[in-house]
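User: I would like to go through some of the assignments in this model and the criteria behind them.

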Amino acid sequence: MIDKAKSWLLQCLEHHQCGAPLPFFDNAGNGLPTRLLDVSTRPDTPSSHIRLVNSNDISSSGQGDDEPLVYFALSHCWGPEGIPGAGKTTLSSLPQRQTAIDIDTLPLNFQHAIRITRDFGADYLWIDALCIIQDSVKDWLEEGARMGAVYSNACLTLAAASSGKAADGFLGHGPVSTPRKHIPLRLDTTGLQEPELGPVDVLLYSHRSLSVFEPKFLDKLKRGTHLLAQRAWCLQENVMSGRVLHFVAGGELVWECREGLRNEFLDFSYGDEIWSAIVPKIASLRPACVQLGHMLTGELDALDLWYNHVVPDFTSRSITFDSDRLAAVGSIARAVAWKCGWTGEDYIAGAWSKDLGRSLAWKMAEFNAYDKHKCGNTTQNTTGSSQAKSTEWRNPSWSWVSARAPVVFEM
């Protein structure tokens, strides 16, 4: 399974520009996280230990001056109970974590992410709970501001799509590198598709039948089964990532990059013309990486992306703290401003001062949503359980950011 994912990454690295720095980030100043987890296995360190390192201190030996630092990032749900103490870095635990962290004490999601990162041959991994000092407001403000760049500059984002909380884990119980038995097939789709795609190379796996022939794997990216698609923070993480490996329900893998989608049951060669026909067919799913790529190349209008896709999607997701709303969509707003030729001063609490009419023409989409918004005393966290709303933060009432229900714009 992981061998297949490795081949996807290699092909993307060789044939795409999905890892190119995004132009709206100051990569020289804030493109990297302050800290990373060193998950490499060294002769002088037990394989059961990792450590926290400062990215500026990582040796660049073996890399050219212009070579980017290679690291993976984890996108995951904390869960209703949050992260246990051993899974978080605090001011008091920071010195010890810079020396050693026992992997066995970490939540299962973190253990699995470390395992996958090592299997790919990468040495560094970014996990929010461990790489951001959780009881430091200063550190959170600094690292939160560069969150989009952290995911953008990661070589690969690991999306724990089947995991509802940190302790769940997202890998099956078998060896991750065990190949599944399959039969290569070439199907002639002439007369079956419009436009015609011609011959299609696919892999038919032993536990699959043609009655459930893919691309039904795309259903795995929908909100009902993709748990991260229910979480507001993960929209930005997914959109900013150049490459995402989704670990979805059933132990399957789905690859997403700015050039398209793959999975292990339906494998298209990137050189085939099939992608030019298939990607528009799945546009209704709005794959996040592809979506941003289309905006950057001018195929998708930046404000259309914002009003018709980003805000409606974001507001339909759950978020634990109202005070996080602007930060959780901030990097996408930065991308839109860059594409429009605007500055950060033109973005005010979710609204665009140079497009104020449309910015204020929002409404809550759900029936009776206003009553729930006005009277609601609870908010949903990342797994759907309720918790008391904070009374310490109030987003401006004229902005969609204040809504506690899905929002649409009247154009």
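Analyst: Two strands pair if DSSP finds at least two bridges between them. Strands (E, at least two residues) and helices (H or I, at least four) are DSSP runs, numbered from the N terminus. This is a predicted model, in which local features need pLDDT of at least 70, side-chain atom pairs count only at pLDDT 80 or more, and totals for chains, interfaces and linings use all residues. Residues are numbered from 1 along each chain as its sequence is written, and side-chain values use heavy atoms, with hydrogens and water left out.

User: What makes strand 9 and strand 10 a pair?

Analyst: DSSP must find at least two bridges, and 6 join strand 9 (residues 243-248) to strand 10, so the two are paired, running antiparallel. Phe-247 stands opposite Leu-253 in strand 10. The two strands form a hairpin with 3 residues between them, and Gly-250 in the turn has a positive phi of about 85 degrees.

User: Why is strand 10 called largely enclosed?

Analyst: Buried means under 20% relative accessible area, exposed over 50%, partly exposed in between (1.4 Å probe, protein chains only). In strand 10 (residues 252-257), 6 of the 6 residues are buried, so the rest of the structure largely encloses it. Glu-252, Val-254 and Glu-256 point one way and Leu-253, Trp-255 and Cys-257 the other way.
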